[in-house]
Amino acid sequence: VNKEAFRENRRIKTVKLPNTLRGFGERAFENCTALESIVIPDLVDRISESMFYGCSSLKSVGFSPSMEYIMNGAFEKSGLEFVALPKTVTSIYDFAFAECENLKLVYIPETVVKNEYYAFVDCTNATIYCAAAKQPETWKELWNEDGGKVVWGHSVPADPTLELKFATKSDGTAAVTECLSESSSVEVPMMVMVDSSAYFVTSITGQPFFNCRNLSSINVDSEN
């Protein structure tokens, strides 16, 4: 996709891209204010500079399994609500998620060795969960200047309870679909790891607890 290919197009709401696509030019979707969601094809390894700058309606992005780099201003001033970066990501550059006022939850895996200046500046409503036990020495001190709360050492178990089944979505979220518990209580986690990618558990679909005859309490993580 060429540089500025769809820039300032205010009619596009969704985009479906071929899996043969390998990359995007800078500012490809800048200020596409009606764009709501997009799934990045498997071969794409970076979100280019200012690619989704100003996409105020953009609530979800499905990252490719090859994703490594989130470039300067990639999602600056976008409408993202949840960001669960895959374990392939190594670098987050300047202003990548700056001023994302709707951003609620972020997960940064231990693979991220570079987190540059003001990457999450002014994301005041976000809680950022980092797999690292403390701020890595390779991260810039001002990566979260005037930003949200940071939680260090947050691990995401592959299957936190062995009692719940989840359906994952391309936007980085997951839904509880089935309960196999025979106990009296079940905990619904905030996050779950599936195929090396983290997902925020944001919903319960269908009737997953219908056959849990011994169940008397369901504990939902306070961030859900």
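Predicted model: local features only at pLDDT ≥ 70, side-chain atom pairs only at ≥ 80, totals over all residues.
View 1

**View 2. The pairing of β6 with β8.** Strand β8 covers residues 105-108 and runs parallel to β6, to which three bridges join it. Within this pairing, A84 is the residue that stands opposite Y107 of β8.

**View 3. The largest nonpolar core.** This core has 43 residues, and the members that touch the most others are F29, F52, I70, F75, F97, I108 and F120. At least two residues of the core come from β8, and at least two come from β10, which spans residues 127-130. When residues up to four places away in sequence are not counted, the contacts of F120 include I92, F97, L103, V106, I108 and I128, as well as W143, N144, E145 and G147. Another core, of 13 residues, lies apart from the largest one, and V176, Y199, V201 and F209 are among its residues.

**View 4. The open sheet of three strands.** Here the strand order is β1-β2-β4, again with parallel pairing. The edge strands, each pairing on one side only, are β1 at residues 14-15 and β4 at residues 60-62. Two bridges link β1 in the parallel sense to β2, which comprises residues 37-39, and V15 has I38 of β2 as its bridge partner.

Conventions
Residues numbered from 1 in each chain as written. Heavy atoms only, no water. Pairing = 2+ DSSP bridges. Helix = DSSP H or I, 4+ residues; strand = E, 2+ residues; numbered from the N terminus. Core = buried A, V, L, I, M, F, W, Y, C linked by side-chain atoms within 4.5 Å. Buried < 20%, exposed > 50% of the residue type's maximum accessible area, 1.4 Å probe, protein only. Contact = heavy atoms within 4.5 Å.
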